[in-house]
Amino acid sequence: MNRHLKEILRLLPRALLVMLVISAPLLAVPSLQAADEAVIEAPTMKKRGAGFVLMVSLQRGS
């Protein structure tokens, strides 16, 4: 019985450390302040000027 207690006490700090590492991201989520929206979206891509190229090619064809 004494041997089992010593083994449990030896593994307890390691188990607590693993639980802390796993739960840290979950505990940090409510503390994030991401404005008023619940969804964070990626920024929209800027237009590359395809309309100008199309206009020039249509003028050359006329």
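Biologist: What makes you say that H1 bends at Leu-12?

Modeller: The bend is the angle between axes fitted to the seven residues ending at a residue and the seven starting there. At Leu-12 that angle is about 35 degrees, and a proline, Pro-13, follows within four residues. This is a predicted model, where local features need pLDDT of at least 70 and side-chain atom pairs count only at pLDDT 80 or more, while totals for chains, interfaces and linings use all residues. Residues are numbered from 1 along each chain as its sequence is written, and side-chain values use heavy atoms, without hydrogens and water.

Biologist: Why does Leu-12 count as partly exposed?

Modeller: Buried means under 20% relative accessible area and exposed over 50%, with partly exposed in between (1.4 Å probe, protein chains only). Leu-12 has 41% relative accessibility, so Leu-12 counts as partly exposed.

Biologist: How do you know that H1 is hardly covered?

Modeller: Among the 27 residues of H1, the count of buried ones is zero. For the protein, 0% of the 62 residues count as buried.

Biologist: What is the span of H1 set against?

Modeller: The expected span is 1.5 Å times one less than the number of residues. H1, residues 2-28, reaches 39 Å from its first C-alpha to its last, close to the 39 Å expected.

Technical notes
Helix = DSSP H or I, 4+ residues; strand = E, 2+ residues; numbered from the N terminus.
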